[in-house]
Amino acid sequence: MNVVVFVLILALLALVVAIVGAPLRRRAHGAAPADEGLESPLEADLAAARDAKYQEIRDAEMDYRTGKLSLEDYEAVDAGLRAEAIEILDRIERAEGGGGPGPEA
Amino acid sequence: MTPARKRTVRLVVALSAAVVLATALIYTSFSAASPALSPSQLVRQAQPGRSYQVTGTVAPGSVHRAGEVLNFSVEDRAGGTKIPLSYTGTVPDPFQEGREVIVTVQRQGSAFVGERNSLITKCPSKYKTAPAGENQNS
Amino acid sequence: MASLGFACLLLALAVCVYGIGASIYGVRSGRVEFSESGRRAVYALAAILTVAFAVLEIAFLRNDFGFNTVADTSSRTTPGFYRAAAVWSSQEGSLLLWAWLLSMWSSLALFLTRRRMRDVAAYATAVLLGFGGFFVALMVFYANPFATTRPAPAEGAGLDPLLRFPTMMIHPPMLYSGYTLCTIPFAFGIGALLARRVDAEWIKAIRRFAFAAWLFLGVGILLGARWSYSELGWGGYWGWDAVENASLMPWLTGTAFLHSLMIQEKRGMLKVWNVSLVLATGTLAVMGTFLVRSGVLNSIHAFGGATLGVPFVVLIGVLIAGSIYLVVSRRDMLRSEHRLDSLLSREAMFIANNLVLVGLCFVIFWGTYFPLISEALTGQEASVGPPWFDRYTVPLALVLVLLSGIGPVIAWRRATLANARRNFLMPVCTALIALVVLLVAGIGDKPLALAMFCCAAFVFGSVAQEFVRGTRVRRAIAGESPPRALLSLVRRNRRRYGGYIVHVGMAVLFIGVAASSSFQHASELSLSPGQSTRVGAYTVRYVRPTASLTPAYDRAHTGSTLALGAEVDVSRHGRHVATLQPSEGYYASQDPSQGSVGSLIGGQPVSHVSMDAGVTRDVWSAIAPNIEAPVLQRIIKAGNADLTGEDTLVALGYLARAYLKSPPPAQFHFIVSPLVMWIWVGGLIVFGGGLIAVWPAPSTVRRRVGARAGARRDRALARA
């Protein structure tokens, strides 16, 4: 194993330590925890649930317009979906009501 | 019927159907399978009319082609029993004396006849011949 | 340089161990900087393995035969492209490729989720590093790609000629990408179970990974089938071989998962099922890798030493046991939020689709592992052949295609029965028309193929109706012209219409499969020059022999020393159909006992297939020239006796000339397969549709709005 290879290995080792150790060093120097300012898992989950619910509402409308649902059935399904959407929005407001308005991801 | 009852019924029906199908599958696999034997086992156990998969090496000096029929002998990996057989169908590129082969045969009288296009040749010994090879099961 | 490579492996192993520890400690103690450090360990692993891979690649390109793998699989005469790709033709190299691809895809996945799902991602990191560490450990302890022999031999063994096809060299990276991508949803599934967060956010993230795995694995499988068909000498694209099956199984469960995921998203149902599917897909992918690497099942791909078998079995055992334990212990969290509203709903169709797909997977699993099962149960190893597989997979495939035609017609949640009945009219008519036309055309004697054609027609009718109606809706809303309406329809409903396109593609693919398996003409012919014979409606005539020497005439650049073949004319009812030029390439061997000239052509012979691909049929031919003919053997013997070194190449010229002057009769394998091209076309449609379905929609407007204001507006919308 010659000198060049040895130096390369050391360089690689140094690079790895730098990459892997950066967050630890930052924290040690008193920086804020890395996940501050990000939305909480609950908020993120509710946002995803809300988006999915909107997609469902759109899908139901598409189903009705392409003739798969009768007007009666559509109105029933649509009402149910919107009620579920409002429930999710309520939960989002409750979750945000505690802290400041977290930015959306 | 209450919705809950309906759901239970559905579940039971679905599960029963699955069990029945699985049983049919498992049963037929045992009867449709060809046992994998070495040449020495084949000589001892083969019954006429049943298919067997024989695994072994192509015996050196045993390969002759007569028109569309390829005649060769398969012997145990460790040497010993040699079984001559006649085979029609596609012959994979790696086929050579000394190579490991798998071929499905049937006993006809005292001779063994290979099933059409059932000859598989294993890639030679070590890994170096990577995901290649030919499967002759048409 | 080999020591640099090996040092990289050791460093990689250390990084994996550290990363696992840091991630788990980070998530359990809440000290986020450690989870962060663990994630960066994956990035570091990718960097290290890239260096290691580069070292090996450079060794191949520079012909450094001191490396054992280079000496085993490459040579000075191996063409450049194949030398570069030969890296993964060996056991050791392919392990490195697997580990490298895993680290790259994992880095990407973890980078994309770096701001979300903290705890889930941390556990996922640990799992992925566990896989990485396993493969690196295999290389360090069992199969070292950087093992050297000094002094280096002057020449290598050369790449097996069977691999010297471009498709064949791209197939492993594609397939390995598919396999490694399957481990990412697996890792996130384990992570979600451990973090107790199997929720909407998890669905959103995992769908993308599952789709990527599905796409790459599917392309890898299709490429393998295409290679087998167009370049191997047996003219088939699928043989139910163990390794083919091994790659298909995770693809089937992955497809099922992509569908059932939507049900969990909408109704909060099937959580246990979904998690099990995602864990099964990852486990099946590892089992597939294991099958290919070990000789445990009789298959042409049965290579790899027994030494690798034990670690893999242990890993698979851990995966299965761990998965079952996690799902059972978290089952309270996985309870369904709702129940199925109605059997006449798209959700129910998806469940049926899932059952069929899992059923297919079970059939294939049983048949593939049957030799091991039967040996364990009866002491006698036995195997089942393609007829057994066909017997069960064909009906299941029929049901699958049928379902994909029914699905579009049914609404989500619950469909109105009267409407559904009306909507089925068109598709059923399409199927009936197809049935009548095909019966009149005389295909009634092949009922299974006929059924498949009709089911496919049903799908076409159903999907076409959907597109027409959807376009009409768009026009009513926005007043656009039909083409623009169609485009904006698809753009606004990507998942729905992309999915329809995927189903159309699958129907096309199955049409190709049904036609080419039920209506194929195949024969073995023995022909002398000038002789012709009939195969079904076709007349095949051996026009003249062909011979070529490398390198000047080796169009495929495969490095064969001598290629002997024939020109064959194919005609039908007197009209010329195609001219084929199959040949057999003879390669050099390293065996001195064959003589100086004999060893020039004594290596692995490879069939160069000639094919005329057409829209309605493929005409395919392979040749096995009689190299044992006395006229040729005489020249070889004379050359062995008199010639050495460079002079031996002269003998090849004599061989070629002798073959052209008095060609012995040759064996031909001749196949006419209808509609094969549509298998590949169907596959392309499937993947195109998949891309459309998963392409992110431009719904980022909401992101820029403040949270509170957005929520207020949302309520207004919801109430409207």
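Biologist: Which residues are buried in helix H17 of chain C?

Modeller: In this predicted model, helix H17 of chain C covers residues 482–492, and its buried residues are Ala485(C), Ser488(C), Leu489(C) and Val490(C). Buried stands for under 20% relative accessible area, exposed for over 50%, and partly exposed for what lies in between, with a 1.4 Å probe and protein chains only. Helices (H or I, at least four residues) and strands (E, at least two) are DSSP runs, numbered from the N terminus. An α-helix has 3.6 residues a turn, so residues three or four places apart point the same way.

Biologist: What covers the buried residues of H17(C)?

Modeller: The cover includes helix H2 (41–65) of chain A. From chain C it includes helix H16 (447–478), helix H18 (494–518) and helix H22 (677–694). A contact here is a pair of heavy atoms within 4.5 Å.

Biologist: Before we go on, some ground rules, please.

Modeller: Residues are numbered from 1 along each chain as its sequence is written, and chains are lettered from A, with ligands numbered from 1, in the order in which they are written. As the model is predicted, local features need pLDDT of at least 70 and side-chain atom pairs count only at pLDDT 80 or more, while totals for chains, interfaces and linings use all residues; side-chain values use heavy atoms, with hydrogens and water left out.

Biologist: Back to chain A, then. How many residues does the contact take from chain A and from chain C?

Modeller: Chain A gives 53 residues and chain C gives 61 residues. Of the two pairs of chains that touch, A and C have the most contacts. The area buried between them is about 5200 Å², with 60% of it from carbon and sulfur atoms. Buried area is the accessible area (1.4 Å probe) that two parts lose on being put together, summed over both.

Biologist: And how many salt bridges are there across the interface of chain A and chain C?

Modeller: Six are found across this interface, the rule being a side-chain nitrogen of Lys or Arg within 4 Å of a carboxyl oxygen of Asp or Glu. One salt bridge joins Glu466(C) to Lys68(A), with 2.9 Å between the closest N and O atoms.

Biologist: How far apart are chain A and chain B?

Modeller: Their nearest C-alpha atoms are 19 Å apart, and the two chains do not touch.

Biologist: What is the secondary structure of chain A?

Modeller: Chain A has three helices and zero strands, in the order α-α-α along the sequence. Its 105 residues are 35% buried. The domain assignment, which is automatic or taken from a database, gives domain 1 (1–37) and domain 2 (41–96). The C-alpha centres of these two domains are 46 Å apart.

Biologist: New topic: which residues have the most contacts inside the largest nonpolar core?

Modeller: That core has 170 residues, and those with the most contacts inside it include Leu49(C), Phe146(C), Trp202(C) and Trp214(C). A nonpolar core is a set of buried Ala, Val, Leu, Ile, Met, Phe, Trp, Tyr and Cys residues joined through side-chain atoms within 4.5 Å. A second, separate core has 32 residues, among them Leu525(C), Val535(C), Ala578(C) and Val597(C).

Biologist: What is Trp214(C) in contact with?

Modeller: Leaving aside neighbours within four places in sequence, the partners of Trp214(C) include Trp251(C), Leu258(C), Val502(C), Val686(C) and Phe687(C).

Biologist: Last one: where does the backbone have a cis peptide bond?

Modeller: The bond from Arg150(C) to Pro151(C) is cis, with omega near 5°. Pro151(C) is in the loop between helix H6 (118–141) and helix H7 (166–195) of chain C. Most residues other than glycine have a negative phi, and most peptide bonds are trans. Arg413(C) has a positive phi, near 70°, and is buried at 8% relative accessible area. Leu675(C) also has a positive phi, near 60°, and is partly exposed at 22%. Leu675(C) lies in the loop between strand E11 (666–674) and H22 of chain C.
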